[in-house]
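Work through the following exercises with the sequence and the coordinates side by side. Each task is followed by a solution that goes step by step.

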Amino acid sequence: MSAQLIYDLVPLGAIIRFSDGTPRPPERHRKKLAAWEHRNSGGRLIRKQAERRVGNTVIAATITLHAGDYGGGGVVVLRVHRTFSVDSDLRFVVTERPRGGAVRVLSRSGEDAELVYLASRAGAEAWLQSHGYPDAVLDEVTADAPAADVMEGRTAA
């Protein structure tokens, strides 16, 4: 599926894989493998940003994936996010949707919200108490089976 379909249909919190369709190079070709891994990876969908205008320039809508955290001893030193334009030539696949009943902790309300945590209601409330996002919003995930079926290329029966 395209990045535009991810933007239009997939809820925040979904696990997304992306690929350019090329085969994985052998392990011995370290530089080629690193370049391939840069264009063939995945992450959790944490943000959808609408198209915007800056002066005379139009910036296309984007999706952002949380690719991973790096650190040690329970301390995150580096958080890796990957942002893609809806015009991206990569192919995207939804590998997991957030479960119904889970609660998303969003950094703020509105269209420009970013997912900062996903858990059960009790887990989300506990996390929010210990991490202190003053404008955070709790958003419960609801199941939308027909939309999920259309997203995967099936028709609802």
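**Exercise 1.** Which strand gives the most to the nonpolar patch?

*Solution.* The model is predicted, so that local features need pLDDT of at least 70 and side-chain atom pairs count only at pLDDT 80 or more, while totals for chains, interfaces and linings use all residues. Residues are numbered from 1 along each chain as its sequence is written, and side-chain values use heavy atoms, with hydrogens and water left out. The strand that gives the most is E6 (residues 75-85), with three residues; strands (E, at least two residues) are DSSP runs, numbered from the N terminus. The patch is made by Tyr 70, Val 75, Val 77 and Leu 78 and covers about 440 Å². Tyr 70 has its place in strand E5.

**Exercise 2.** Describe the surroundings of Arg 47, and state which residue its side chain meets in a polar contact of 2.7 Å.

*Solution.* Arg 47 is found in strand E2 (residues 41-49) and counts as buried because its relative accessible area is 18%. Among the residues that Arg 47 touches, leaving aside those up to four places away in sequence, are Leu 12, Thr 64 and Asp 112. The side chain of Asp 112 is the partner in the polar contact of 2.7 Å, a term for a pair of N or O atoms within 3.5 Å in which, within protein, one must be able to donate a hydrogen and the other to accept it, and for which residues adjacent in sequence count only if both atoms are side-chain atoms.

**Exercise 3.** How many aromatic pairs does the structure hold?

*Solution.* The structure holds five aromatic pairs. Rings of Phe, Tyr and Trp (its six-membered ring) pair if their centres lie within 6.5 Å, with planes under 30 degrees apart counted as stacked, over 60 as edge-to-face and the rest as tilted. One of the pairs, Phe 18 and Phe 92, is tilted, at 6.1 Å centre to centre and 45° between the planes.

Key. Patches are made of residues with over 30% relative accessible area and no salt bridge: like charges are joined within 9 Å, nonpolar side chains (Val, Leu, Ile, Met, Phe, Trp, Tyr) within 5 Å. Accessible areas come from the Shrake-Rupley method with a 1.4 Å probe; for residues, only the protein chains shown count as cover. A salt bridge is a side-chain nitrogen of Lys or Arg within 4 Å of a carboxyl oxygen of Asp or Glu. Helices (H or I, at least four residues) and strands (E, at least two) are DSSP runs, numbered from the N terminus. Buried means under 20% relative accessible area, exposed over 50%, partly exposed in between (1.4 Å probe, protein chains only). Contact means heavy atoms within 4.5 Å.
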